[in-house]
Amino acid sequence: MSGVGRLRSIVLECSEPEPLATFWAAVLDRPIVQRDDDWWSLERRGDEARVCFQVVADHVAPPWPGGHGEQQAHLDVEVDDLAQARAVVLELGARQLGDVVSEEDDGDWQVFADPAGHPFCLVT
């Protein structure tokens, strides 16, 4: 079976795209390639989806932890060194949301919120 299409973009809603795009550009090491009043984008690389930031006037960050779908979606960012990556994202403006979780088969991960409040995980 073949798919219908390919993942083109991951779009995060926010009230201010500049700080959020700057944060994710540094985390993912991708330049910002589009800056409009209501839409910013990071460079797309190879087969990876681009990451975009869309302005929503009354944006409210999803709660974490949420048990009933309030989180909506989150990004998993694979890293080589969890402690080093944690230090970098905190310096860039992330907020830590949970303790390190270790699973035998899935490695270790830790949950954070980006500057606009979107949850994301650093995963080894």
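Let's start with a word we'll need throughout: a residue is buried when its relative accessible area is under 20%, exposed when over 50%, and partly exposed in between, using a 1.4 Å probe and protein chains only. Keep in mind that this is a predicted model, where local features need pLDDT of at least 70 and side-chain atom pairs count only at pLDDT 80 or more, while totals for chains, interfaces and linings use all residues. Residues are numbered from 1 along each chain as its sequence is written, and side-chain values use heavy atoms, with hydrogens and water left out.

An α-helix has 3.6 residues a turn, so residues three or four places apart point the same way. Within H1, the buried residues are Pro-17, Leu-20, Ala-21, Phe-23, Trp-24, Ala-25 and Val-27.

Two of those, Phe-23 and Trp-24, belong to one aromatic cluster together with Phe-112 and Phe-120. Rings of Phe, Tyr and Trp (its six-membered ring) pair if their centres lie within 6.5 Å; planes under 30 degrees apart count as stacked, over 60 as edge-to-face and the rest as tilted. There are four aromatic pairs in the structure. One of them joins Phe-23 and Phe-120 edge-to-face, with 5.8 Å centre to centre and 65° between the planes. Since Phe-23 sits in helix H1 and Phe-120 in strand S9 (residues 119–123), this pair ties together parts that are 97 residues apart in sequence. Trp-24 and Phe-120 also form an edge-to-face pair, at 4.8 Å centre to centre and 70° between the planes. Here too distant parts of the chain are linked, with Trp-24 in H1 and Phe-120 in S9, 96 residues apart. Trp-24 is buried at a relative accessible area of 1%, and Phe-120 is buried at 0%.

Phe-120 also turns up among the neighbours of Gln-110, a residue of strand S8 (residues 107–113). With contact meaning heavy atoms within 4.5 Å, and leaving out residues up to four places away in sequence, Gln-110 touches Leu-82, Arg-86, Gln-96, Gly-98, Asp-99, Val-100, Phe-120, Cys-121 and Leu-122. Gln-110 counts as buried, at 3% relative accessibility.

Now back to the end of H1. What is the phi of Asp-29, just after the helix? Phi is about 55° there, a positive value. Most residues other than glycine have a negative phi. Asp-29 lies in the loop between H1 (17–28) and strand S2 (32–35), and counts as exposed at 57% relative accessibility.

Glu-48 is in the loop between strand S3 (39–42) and strand S4 (50–55), so the pair ties together parts that are 18 residues apart in sequence. A salt bridge is a side-chain nitrogen of Lys or Arg within 4 Å of a carboxyl oxygen of Asp or Glu. Arg-30 is buried at 8% relative accessibility, whereas Glu-48 is partly exposed at 46%. The structure holds two salt bridges; Arg-45 and Glu-43 also meet in one, at 3.0 Å from N to O.

Methods: Helices (H or I, at least four residues) and strands (E, at least two) are DSSP runs, numbered from the N terminus.
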